[in-house]
Amino acid sequence: MKPNKNGYYGKFGGAYIPEMLYPNVKNLNENYLKIINSDSFQKDFKSLLKDYVGRPSPLYFAERLSKKYDTQVYLKREDLNHTGAHKINNTIGQILLAQELGKKRIIAETGAGQHGVATATVCALMGLECIVYMGEVDIERQAPNVARMKMLGAEVRPAKSGSRTLKDATNEAIRDWIAHPIDTHYIIGSVVGPHPYPDMVALFQSVISEEMKWQLQEHVGRENPDAIIACVGGGSNAAGAFYHYLEDEKVRLIAVEAAGLGIDSGESAATSVLGSEGVIHGSRTLLMQTDDGQIIEPYSISAGLDYPGIGPLHAHLIKTERAEVFSATDQEALQAGYLLSKIEGIIPALESAHALAALEMAKFRKDDVVVVNLSGRGDKDLATYIAHLP
Ligand SMILES: *Cc1c(COP(=O)(O)O)cnc(C)c1O
């Protein structure tokens, strides 16, 4: 599914940016498709995905999980990628694009540090300067990822304003981009931000469903599953897992948001349920806001899902009922994480555990083929899992 030429999916999307960013975004907009579709870009992108990231990621039939839920569950193993999650697919794509555009300096924002690490990784790979903006509070909470970024040669700059978390880091990154329009590329970490970012990031992540098609053909003799489940923070792993099935109405697309302590608890990140239309980070979408438009701080046990907005593609898919949406609480995600660890020997990222929790909620038939996008591995979440062990 392509946005229209102004970057809208239905009524969501667009590019709401300060005038001083027009030249950067225009330059990107005019060139991204031409560059991405060129033979030389595709050759470099595919070769790095194969030899550096370790793609294709396996599609694994989870036999014991399937027995438990009485349906056919396959796991798309993005957890096995280099750096431990799907985010590297996007940063590889964007760093190649930045090089084509002649950029010498890379900036990024990060919340939990996962996108920061994926960005620092590709900057090290290409020998480009890397500055990652991160809220001061997050720097403290996510010390191991801060150490990783430093090890990889990136500079981590603290955002000291507001609540000193992700949205403040994003503001700092935008300020930096305005100050360095010529030499700098801003690598956004999900299908959010002004057009063309949502489309561009979805394209880079679409390798997930591209592989699923031939992998399902091998496993079950048909390209299409009956359902795909993915967790949604900004929505990039879900966009990648849904991408090649968006037009096929027979494939159920199931998005899972973080309910935190419960949808009505005031401590939640279930954006599509609690959110209303507005503009965040440069696009019109659903976001959690007060009546007078102040962003409400989201909460989830999983750092990758506590984002107050949702990518415009997903806002559109959910509002038009092409996608179903569920929300899983911290407890439900933890339980799903313990279960997968015990019966399949795979410790999932807490984000991915939210997707697994939907196996308890959605109804499937016995012979349904259900793919869960396992967006990342749980090493980073071990301390949280252990602290909550029943
Ligand atoms: C960052 C992250 C997410 C959430 O980001 P999306 O853009 O919604 O995919 C999900 N899973 C993992 C493992 C992550 O690191």
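Analyst: What follows starts at the ligand, then turns to the cavity and the backbone.

The model is predicted. Keep that in mind for every distance below.

Where does the ligand lie relative to domain 1 and domain 2? Domain 1 covers 8-48 and 87-201, and domain 2 covers 53-85 and 205-387. Both give residues to the shell around the ligand, so the ligand lies between them. The shell holds 17 residues. Those that come nearest are Lys-87, Ser-190, Gly-235, Ser-236 and Ser-375. By class, the shell divides into 11 polar, four nonpolar and two charged residues.

Gly-235 places a polar backbone atom 2.7 Å from an oxygen atom of the ligand. Gly-233 also uses its backbone: an N or O atom there lies 2.8 Å from a ligand oxygen. His-86 uses its side chain instead, with a polar atom 3.0 Å from an oxygen atom of the ligand. Now the burial. Taken alone, the ligand exposes 380 Å², and the protein buries 97% of that area.

How many cavities of 30 Å³ or more does the structure hold? The structure holds one. The largest cavity has a volume of about 40 Å³. Its lining consists of Asn-24, Asn-27, Leu-28, Leu-101, Lys-103, Trp-177, Thr-184 and His-185. Two elements, α1 (22-36) and β8 (184-187), each give two or more residues to that lining. The largest share comes from α1, with three residues. By class, the lining of this cavity has four polar residues, three nonpolar and one charged.

Last, the backbone. Most peptide bonds are trans, and most residues other than glycine have a negative phi. Pro-56 sits in the loop between α2 (39-53) and β3 (59-61). Pro-196 belongs to the loop between β8 and α9 (197-205). The remaining case concerns phi. Asp-70 is found in the loop between α3 (63-69) and β4 (72-77).

To draw the site together: the ligand lies between domain 1 and domain 2, has 97% of its area buried by the protein, and has oxygen atoms in reach of the Gly-235 backbone at 2.7 Å, the Gly-233 backbone at 2.8 Å and the His-86 side chain at 3.0 Å.

Technical notes: Residues are numbered from 1 along each chain as its sequence is written. This is a predicted model: local features need pLDDT of at least 70, side-chain atom pairs count only at pLDDT 80 or more; totals for chains, interfaces and linings use all residues. Side-chain values use heavy atoms; hydrogens and water are left out. On a 1 Å grid over the protein atoms alone, a cavity is a set of points where a 1.4 Å probe fits but cannot get out, and a pocket is an open set with protein on both sides within 12 Å along at least five of seven lines; lining residues have an atom within 4 Å of a point. Grid points are joined across faces, edges and corners, and a volume is the space filled by probe spheres set on the points. Helices (H or I, at least four residues) and strands (E, at least two) are DSSP runs, numbered from the N terminus. Ala, Val, Leu, Ile, Met, Phe, Trp, Tyr, Cys and Pro count as nonpolar, Asp, Glu, Lys and Arg as charged, and the others, Gly among them, as polar. A residue is near a molecule or strand if one of its heavy atoms lies within 4 Å of it. A polar contact is a pair of N or O atoms within 3.5 Å; within protein, one must be able to donate a hydrogen and the other to accept it, and residues adjacent in sequence count only if both atoms are side-chain atoms. Accessible areas come from the Shrake-Rupley method with a 1.4 Å probe; for residues, only the protein chains shown count as cover. Domain bounds come from an automatic or database domain assignment.
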